[in-house]
Amino acid sequence: QVAYDQEDYYHSVHWLEESVRLFRRSGSKWSPENEGTLHDALDHLAFSHFKTGNILHALSLSQELLLYDPSNRRVSQNINKYEKLLASNSSKPVNGLKRPSSKYLRTRDTYERLCRTRGSQPTHFENPQLFCDNFANGHPGLLLRPARRETLSLQPYVVLYHDFISDTEAEEIKHHAQLGLRRSVVATRDKQVTAEYRISKSAWLKGSAQSAVSRLDQRISMLTGLNVQHPHGEYLQVVNYGIGGHYEPHFDHATSPSSPVFKLKTGNRVATVMIYLSSVEAGGSTAFIYANFSVPVMKNAAIFWWNLHRNGRGDPDTLHAGCPVLIGDKWVANKWIHEYGQEFLRRCSLNPEE
Ligand SMILES: O=C(O)CCC(=O)C(=O)O
Ligand SMILES: [Fe+2]
């Protein structure tokens, strides 16, 4: 529907073909959440085919549609139009579907490449600072069971903690979020809106009454050495992506002074901890666009990165994305940590440029 509304018929044909297939296969049993019907899907698919020059296909789908809804005048008019076009042979020859050239995303090519491949991080042979270790952060709570840390990138600084949570905790968190899931929104200049560049559902786990949530807060705080108590850290946001779900390249920190991110009055989002609560069969990696690498979904692992430099400026290198899920059901949880409360935990540097 999003592709159709954007007049991107190249993609709407693919998606609608799949919807029609699912409707046909399941009889009347498949009822998608948006209450779409076979009828709708055929209608939009016929028009998409017409727009991409496949008049013959548009005609046969419209004829099928008319069987279901014989009194639909718009459809009969379309059938007449398609028949005339075919008879006069004046329609453009079909030369295959063309990918639209996207005007709205400058980083599209890199994003798509990183979603298909892992990009090219140097290995630790090339850069010994990209090492793996058992990390306890000097914290007594981690001494007996340190985190298995993998440094993924130095600029921006991104680390991955393997087995950050257990299967049971992940299930508990998904379970708590389930009833609260709503279409995700994004922060614009001054308010939160839904956007086609973020397709997922999410829920905020307010309060850490649930034991898994408070255990998680504690673990994040031990590992990062930061203060994650609300409002220094936001509540845990649980996100669920279905097939095709994605989050196109964005920053987690606010880039406008009027952003809703500042509503907490605790400054900008200095760091992100993102936990993978599920695996997926294909797709769904997290891509760091300018840093040129992507992290495959790794169940129970967490990634951490700094969004801001020590001087408080946003780090443009943190531009990142959640790649489209190809097969599976992807769940992540975000913990965003704010600047205030960390003054003595992440100090500024003597160099104002850092
Ligand atoms: O789902 C992902 O891999 C990335 C999610 C993300 O960047 C976000 O929710 O801000
Ligand atoms: Fe993000």
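Biologist: Is His250 buried or exposed?
Modeller: This is a predicted model, where local features need pLDDT of at least 70, side-chain atom pairs count only at pLDDT 80 or more, and totals for chains, interfaces and linings use all residues. Residues are numbered from 1 along each chain as its sequence is written, and side-chain values use heavy atoms, leaving out hydrogens and water. Buried means under 20% relative accessible area, exposed over 50%, partly exposed in between (1.4 Å probe, protein chains only). His250 has a relative accessible area of 10%, so His250 is buried.

Biologist: Which protein donors does the iron ion (ligand 2) have?
Modeller: Donors are N, O and S atoms within 2.8 Å of the metal (3.2 Å for Na, K and Ca); water is not among the atoms, so sites may look incomplete. Along the chain, the spacing of the donors is H-x1-D-x67-H. At 2.0 to 2.1 Å from the iron ion lie His250 (NE2), Asp252 (OD) and His320 (NE2).

Biologist: What is the relative accessible area of Asp252?
Modeller: Asp252 is one of the iron donors. Asp252 is also buried, and its relative accessible area is 5%.

Biologist: How far apart are the centres of domain 1 and domain 2?
Modeller: An automatic or database domain assignment supplies the bounds, giving domain 1 (2-88) and domain 2 (121-338). Taken over C-alpha atoms, their centres are separated by 40 Å.

Note on methods: Chains are lettered from A and ligands numbered from 1 in the order in which they are written.
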